[in-house]
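I record what I looked up and how each term is defined.

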Amino acid sequence: MKNRAFDKAVEDVSEVFMFDHWMRFYFIFEEDKKLIVRVPKEVVSQVEKEFPTLHGLIELTNNEEIDQQKSTQNVCSFIGARFDGTKYSDKIIPKVFDSKDFKIETYLFNLWIKGHESHLESEVMTFAEWKELYAGWKELDEVKNYISRLSKAGSGAVIQPPTCTTVQ
């Protein structure tokens, strides 16, 4: 039987990683040979209304210099402060990071971004739009089948990604 709290924790942690990726995808700008996060005020307001829990990640990073290490530190600090020992028991979040479910979810999200990058770059989309498009892609029969095969595969198995041509 599945653990509902664990499944919800995987979902919450994955959403933070997705949000961070969305934010960096659209709102990083080069200034004086440094990468700076610059989320416009209207986007900050929209996120505060639609995703109040994620708004804090913007506050943590907006108008700050960013690199991969700092981004990772910010996300992990944010997750630790919002979920570890507060929303979930202090034993759940470390298990999430080590779980097959979380690894599959982050892999799928990155696969989706790579497959849809040109569409995602065509206009600045809201995080809600990204979530909707990603969820729609995951509902495609070919992707569902792929997820099922990933879930059943042992570590080290090589499974070819779906070759969906439909833009979601």
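I sorted the lining of the largest cavity by class and noted 6 nonpolar, 2 polar and 1 charged residues. Here Ala, Val, Leu, Ile, Met, Phe, Trp, Tyr, Cys and Pro count as nonpolar, Asp, Glu, Lys and Arg as charged, and the others, Gly among them, as polar. The model is predicted, so I note that local features need pLDDT of at least 70 and side-chain atom pairs pLDDT 80 or more, while totals for chains, interfaces and linings use all residues. Residues are numbered from 1 along each chain as its sequence is written, and side-chain values use heavy atoms, without hydrogens and water.

I looked up which residues form the lining and found Trp-22, Val-43, Gln-46, Val-47, Glu-50, Phe-51, Thr-126, Phe-127 and Ala-128. A cavity is a set of points on a 1 Å grid over the protein atoms alone where a 1.4 Å probe fits but cannot get out, and lining residues have an atom within 4 Å of a point. Helix α2 gives the most to this lining, with 4 residues; helices are DSSP runs (H or I, at least four residues) numbered from the N terminus.

I then turned to the rings of two lining residues. The centres of Trp-22 and Phe-127 lie 5.8 Å apart with planes at 55°, so I recorded the pair as tilted. Rings pair if their centres lie within 6.5 Å; planes under 30 degrees apart are stacked, over 60 edge-to-face, and the rest tilted. Trp-22 is buried at 1% relative accessibility, and Phe-127 is buried at 2%, where buried means under 20% relative accessible area (1.4 Å probe, protein chains only).

Methods: 1 Å grid on protein atoms, 1.4 Å probe; cavity = no way out; pocket = protein on both sides within 12 Å on 5 of 7 lines; lining within 4 Å. Helix = DSSP H or I, 4+ residues; strand = E, 2+ residues; numbered from the N terminus. Phe/Tyr/Trp six-rings, centres within 6.5 Å; stacked < 30°, edge-to-face > 60°. Buried < 20%, exposed > 50% of the residue type's maximum accessible area, 1.4 Å probe, protein only.
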